[in-house]
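This briefing sets out selected features of one protein model, grouped by topic. The sequence and the structure are shown first.

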Amino acid sequence: MDESLKLPPAHERVGPINARLAPLYPEFEGLNYETPLQLLVAVILSAQCTDARVNQITPALFARFPSARDFAECDIKELERLVKPSGFYKNKAKNIRACCVEIVNRFGGDVPGALDALVTLPGVGRKTANVVLGHAFETPGITVDTHVGRLSRRLGLTRHRDPVKVELALAEIVPRAEWLHFSGRLIMHGRKVCLSRKPRCEACAIADLCPKIGVKGLAAKRKRSKRQVSPQRHKDRTKGHEEEVN
Ligand code: SF4
């Protein structure tokens, strides 16, 4: 019999899961910032980039551009040069400046503290807005990044792949006061244990609460793909048949 069938439903497991993860990840190791604007800029830079790399870039960036007006009126080439190590720098620089132009023109230079206002800013989606609200404004929000999405599905907390649907599903079963911390803990657990391609279930503190949805298939796929790497098959695969997992 499938072990996962014996597990209680998601709404009964989510509390114990959160309680087990809490002491493991007491502090969310993330982006360094002092103001809502700095956090917003850091989150924009963190797309497709590690927090550690962003934290290396931002001290010089925030010293050079202390306010939204400074970013709004900056020379785009200088901004691009400063954010270049984060990757996709042209787009990120364009978004940061455009976002700050809006913050100056529509919000008097202060980052708005409401979800519906934040998501109207260039380069700011729901995920970015929830991070800013949760950390800089202490407004509970559930951040659904790649880790939260993946873990929520593996843990059987939702079947959805759409981040907004994942957010709404978690909001129904996680107490509001825990929204921010729970998503932070899933992010940390996803980075350290429940890795995308090779989840370390044998070392996982919540293994007995997890139906490990999709994980068995992942191991089988890995085995298959190892067997398949004969010279001819490797040649075929590099023609554009890369396996995509999560
Ligand atoms: S048991 Fe495995 S799949 Fe479940 S959370 Fe832990 S590492 Fe992830």
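The model is predicted. N130 is placed in helix α8, which covers residues 126–136. With 26 C-beta neighbours inside 10 Å, N130 is classed as buried, since the threshold for that class is 20 or more.

**Overall composition**

- The protein chain contains 13 helices and zero strands.
- Read from the N terminus, the order of elements in the protein chain is α-α-α-α-α-α-α-α-α-α-α-α-α.
- The protein chain has 246 residues, of which 33% are buried.

- N130 of helix α8 touches G141, I142 and T143 when residues up to four places away in sequence are not counted.
- N130 and L180 are separated by 50 residues in sequence, and the C-alpha to C-alpha distance between N130 and L180 is 8.7 Å.
- I103 belongs to helix α6, a helix that spans residues 89–107.
- I103 counts as buried because 25 C-beta neighbours lie inside 10 Å.
- Once neighbours within four places in sequence are left aside, the contacts of I103 are A68, G109, V111 and L121.
- I103 and L37 stand 66 residues apart along the chain, with their C-alpha atoms separated by 9.5 Å.

**Packing of α2 with α3**

- Helix α2 covers residues 36–45 and helix α3 covers residues 51–64.
- The axes of α2 and α3 come within 10 Å and cross at roughly 135 degrees.
- The crossing in which α2 passes α3 is right-handed.
- On the α2 side the contact is made by Q38, A42 and L45, and on the α3 side by V54, I57, T58 and F62.
- By class, the residues in the contact of α2 with α3 are five nonpolar, two polar and no charged.

**Packing of α5 with α6**

- Helix α5 (residues 76–83) packs against helix α6 (residues 89–107) at an angle of about 125 degrees, and their axes are 9 Å apart.
- The relation of α5 and α6 is therefore oblique.
- α5 passes α6 in a right-handed crossing.
- From α5, the residues that make the contact are I76, L79, E80 and V83, and from α6 they are Y89, K90, K92, A93, I96 and R97.
- The contact of α5 with α6 is made up of six nonpolar, no polar and four charged residues.

**Exposed loop residues**

- Q48 sits in the loop between α2 and α3.
- The phi of Q48 is near 55 degrees, a positive value in a residue other than glycine.
- Q48 counts as exposed because it has 9 C-beta neighbours inside 10 Å, where 12 or fewer is the limit for that class.
- E138 is located in the loop between α8 and α9, the latter helix covering 146–154.
- Although E138 is not a glycine, its phi is positive, at about 50 degrees.
- E138 is classed as exposed because its C-beta neighbours inside 10 Å number 10.
- E27 is part of the loop between α1 (10–24) and α2.
- With 7 C-beta neighbours inside 10 Å, E27 is likewise exposed.
- E27 and G184 lie 157 residues apart along the chain, and 8.8 Å separates their C-alpha atoms.

**Ligand shell**

- The ligand is surrounded by 14 residues, and the closest are C194, P199, C201, C204 and C210.
- Sorted by class, the shell around the ligand comprises eleven nonpolar, no polar and three charged residues.

How values were computed: Residues numbered from 1 in each chain as written. Predicted model: local features only at pLDDT ≥ 70, side-chain atom pairs only at ≥ 80, totals over all residues. Helix = DSSP H or I, 4+ residues; strand = E, 2+ residues; numbered from the N terminus. Contact = placed C-beta atoms within 7 Å. Near = placed C-beta within 6 Å. Nonpolar A, V, L, I, M, F, W, Y, C, P; charged D, E, K, R; others polar. Axes fitted to C-alpha atoms, helices over the stretch in contact; angles between N-to-C directions. Left-handed = near helix turned anticlockwise from the far one by under 90°. Parallel < 35°, antiparallel > 145°, perpendicular 65-115°, else oblique.
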